[in-house]
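Please look over the sequence and the structure before reading on.

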Amino acid sequence: MKASLFLSTPSPPVLPSKLPAAALTGTLSIHLIPSLTFPVLKHRPGLFPAPRPDFSIRADEGDADGGGPDDYDMDEEEAEEVDNKKDYDVEYEPLVAGIGTSVFAVGGGDDIAVVHSKSFVSTQGWDSETVVDYRINEDEFHKISLLDCDFFIRKPPDPDNDVYDFREMYVTPPDTDIYSIPKVFAPMPQKYIRCAKSDYGCYNVTEPPIDAPRDPLYKSEREITKVFLTKHYRNRRLDDPEFMLDFEEIYVIDSKTKSITRAKVLITVPEGRNRDRKKDLLVIRVNGTSFKIIPESERDDPTTVIEREEWEESRQDMERHLRKLRDFSVSNWF
């Protein structure tokens, strides 16, 4: 069964976990069903004036990449932000693109001061999978552990521990010190940015063998296949009263390909760039490869979504069965 994830940004914004195809509250993962968690957004005593509300998880009504033939990529210059001239294009639906014409000035007074490090080595422009002939001080990097590799992104000193410098990145096999240059499939920011890290993975639950009755009934292993780094809107801190996440700028680290890229996000909110971003709802589908921002009002009831998904699957099964009994390939059975 397909599943999808909804992320919304109330004031202050709250981000959810990847769901099984049912309505849940909090963070939950089950066998082979992807999950998404935001550990850095948990409430810390003394940092926030009040605890953040629990986030909700629901199912989507359909594939996020089914925008239709009228969807198009915006021109590169139109999608650029002030603080990053090499950002990925952001897709708006045609009706949306004509409404919002102003560009948000990201940065300004919210720029993060650059801290020079003697050990900094820019890896931009290097050939991917090139093994370096030196070791790094891992304490100076964000270590992101995935199923097939460990990813390192330079960590400038900051009390919130959420600042990333994408100009220096490495990847290694799990728990080794053989550092190589990762594959980079999109232009990375040239400045420090604040990001919220979320894990996309599943719990692999297995039963004990029959010949070992004394073993635990079930064994659960956490398998993280992707990590999403979502930029803080205008680099605002977590304790900022106007804090929210910028769903238009998400960086995806893939465990299987040992790569990093920027997600292509489709925005279907009518107001376009002039929308109230606190009401954005992010839908992640197709194993973390499809991203879509929809109005909060379009949130569907989870039961309705599950029934729709099951109907599609049952019809496909029936088609495969009927195909054996007739000469034509497309059914007209109802």
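In which loop is K258 found? K258 sits in the loop between β12 (245-254) and β13 (259-262). The model is predicted, and the values below are computed from it.

**Positive phi angles**

- Most residues other than glycine have a negative phi.
- K258 is not a glycine, yet its phi is positive, near 55°.
- K258 is partly exposed, with a relative accessible area of 33%.
- V286 also is not a glycine and has a positive phi, about 55°.
- The loop that holds V286 runs between β15 (280-285) and β16 (290-295).
- V286 is partly exposed, at a relative accessible area of 38%.

**S255 in the loop between β12 and β13**

- S255 is found in the loop between β12 and β13, where K258 is also located.
- With a relative accessibility of 1%, S255 counts as buried, because the cut-off for buried is under 20%.
- The S255 side chain reaches the backbone nitrogen of D148 at 2.7 Å.
- Leaving aside residues up to four places away in sequence, S255 touches L146, L147, D148, C149, I224 and T225.

**R154 in strand β7**

- R154 belongs to strand β7 (residues 150-154).
- Its relative accessible area is 6%, so R154 is buried.
- Beyond residues up to four places away in sequence, R154 touches a set of residues that includes S117, F120, F141, H142, V163 and Y164.
- E140 and E168 are also among the residues touched by R154.
- The side chains of R154 and E140 are joined by a polar contact of 3.3 Å.
- A polar contact of 2.5 Å joins the side chains of R154 and E168.
- R154 and E168 are 14 residues apart along the chain, and their C-alpha atoms are separated by 5.8 Å.

**Salt bridges**

- Side chains of opposite charge can pair when their charged atoms come close.
- How many salt bridges does a search of the whole structure find? The search gives 22 salt bridges.
- K278 and E242 meet through their side chains in a salt bridge of 3.2 Å, N to O.
- K278 lies in the loop between β14 (265-267) and β15, and E242 lies in the loop between β11 (219-232) and β12, so the pair ties together parts that are 36 residues apart in sequence.
- E242 is partly exposed, with a relative accessible area of 39%.
- The side chains of E248 and R275 form a salt bridge of 2.8 Å, N to O.
- This pair links distant parts of the chain, with E248 in strand β12 and R275 in the loop between β14 and β15, 27 residues apart.
- Are E248 and R275 buried or exposed? E248 is buried, with a relative accessible area of 6%, and R275 counts as buried at 5% relative accessibility.

Technical notes. Residues numbered from 1 in each chain as written. Predicted model: local features only at pLDDT ≥ 70, side-chain atom pairs only at ≥ 80, totals over all residues. Heavy atoms only, no water. Helix = DSSP H or I, 4+ residues; strand = E, 2+ residues; numbered from the N terminus. Buried < 20%, exposed > 50% of the residue type's maximum accessible area, 1.4 Å probe, protein only. Polar contact = N/O pair within 3.5 Å; in protein donor to acceptor, adjacent residues only side chain to side chain. Contact = heavy atoms within 4.5 Å. Salt bridge = Lys/Arg side-chain N within 4 Å of Asp/Glu carboxyl O.
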